[in-house]
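User: I have a model to read. Please take me through its features one at a time, with the general idea before the case.

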Amino acid sequence: MNFEISGSVIVKDDTQDISASFKKREFVIEVVNERNSDWNDFVKFQLTQDRCNLLDPIQVGEQIKVSFNIRGRKWEKDGRVNYFSNLEAWRIEKEEAAVPPGAPAPSFNEADIPPASPEEDLPF
């Protein structure tokens, strides 16, 4: 299953070489809770192998949209079974910055609106 989520980058780690054949890079985004900003979510993602460089053009503080898959693993050691999940990012897109509240509205010029045709005249 593929998922998408948008947020602001707050952590951008360096690429880690786990072994000679495996590397990963982690990052965290803050997802705003529209009802209460005290409840914002902080979501950590992982990039692996050749996807580690997807984060290179992204700066901390930028708004991005992350496409990702959820991966779950079972791990057994010393007779104990553990389960863990990773959010495996596979695409990162920069998003346009939202207009801050209180910013002036774009200018409006009535002359820019074309005249209505007779078919568009509403009876009310």
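Analyst: Start with burial. Buried means under 20% relative accessible area, exposed means over 50%, and partly exposed lies in between (1.4 Å probe, protein chains only). Of the 124 residues in the protein, 22% count as buried. This is a predicted model: local features need pLDDT of at least 70, side-chain atom pairs count only at pLDDT 80 or more, and totals for chains, interfaces and linings use all residues. Residues are numbered from 1 along each chain as its sequence is written, and side-chain values use heavy atoms, with hydrogens and water left out.

User: How many helices and strands does the protein have?

Analyst: Elements are DSSP runs, numbered from the N terminus: helices are H or I with at least four residues, strands are E with at least two. Here there are 0 helices and 6 strands. From the N terminus on, the order is β-β-β-β-β-β.

User: What share of the contacts comes from residues 24 or more positions apart?

Analyst: A contact means heavy atoms within 4.5 Å. Among contacts in the protein with a separation of 6 or more, residues 24 or more positions apart account for 53%.

User: Next, the core. Which residues have the most contacts inside the largest one?

Analyst: In soluble globular proteins, nonpolar side chains tend to be buried together. A nonpolar core is a set of buried Ala, Val, Leu, Ile, Met, Phe, Trp, Tyr and Cys residues joined through side-chain atoms within 4.5 Å. The largest one has 14 residues, and Phe-27, Ile-29, Phe-45, Ile-64, Val-66 and Ile-92 have the most contacts inside it. Strands E3 (22-31), E4 (41-48), E5 (63-77) and E6 (80-94) each give two or more residues to this core.

User: Take Ile-29. Which residues does Ile-29 touch?

Analyst: Leave out residues up to four places away in sequence. Ile-29 then touches a set including Ile-5, Val-9, Ile-10, Val-43, Phe-45, Ile-64 and Val-66.

User: How do I read aromatic pairs?

Analyst: A pair of aromatic rings is described by the distance of the centres and the angle of the planes. Rings of Phe, Tyr and Trp (its six-membered ring) pair if their centres lie within 6.5 Å; planes under 30 degrees apart are stacked, over 60 edge-to-face, and the rest tilted. The structure holds 3 such pairs. Phe-3 and Phe-68 are stacked, 5.6 Å centre to centre with 25° between the planes. Phe-3 lies in strand E1 (residues 3-12) and Phe-68 in strand E5, so the pair ties together parts 65 residues apart in sequence.

User: Is Phe-68 buried or exposed?

Analyst: Phe-68 counts as buried, at 8% relative accessibility. Phe-68 also pairs edge-to-face with Phe-45: 5.1 Å between centres, 65° between planes. Phe-45 lies in strand E4 and Phe-68 in strand E5, so this pair ties together parts 23 residues apart in sequence. Phe-3, at 29%, counts as partly exposed. Phe-3, Phe-27, Phe-45 and Phe-68 form one aromatic cluster.

User: Now charge. How many salt bridges are there?

Analyst: Side chains of opposite charge can pair when their charged atoms come close. A salt bridge is a side-chain nitrogen of Lys or Arg within 4 Å of a carboxyl oxygen of Asp or Glu. The count comes to 8 salt bridges. Lys-65 meets Glu-4 at 3.9 Å, N to O. That pair links strand E5 to strand E1, 61 residues apart. Lys-65 also forms a salt bridge with Glu-93, the closest N and O atoms being 3.9 Å apart. Glu-93 is in strand E6, 28 residues from Lys-65.

User: Which residues are linked in a network of salt bridges?

Analyst: Glu-4, Lys-65, Arg-91 and Glu-93 are linked in one. Lys-65 is partly exposed, with a relative accessible area of 24%.

User: Last, the backbone. Where does Asp-78 lie?

Analyst: Asp-78 lies in the loop between E5 and E6. Its phi is near 55°, a positive value in a residue other than glycine. Asp-78 is exposed, with a relative accessible area of 72%. Gln-49 also has a positive phi, near 50°. Gln-49 lies in the loop between E4 and E5 and is partly exposed, at 32%.
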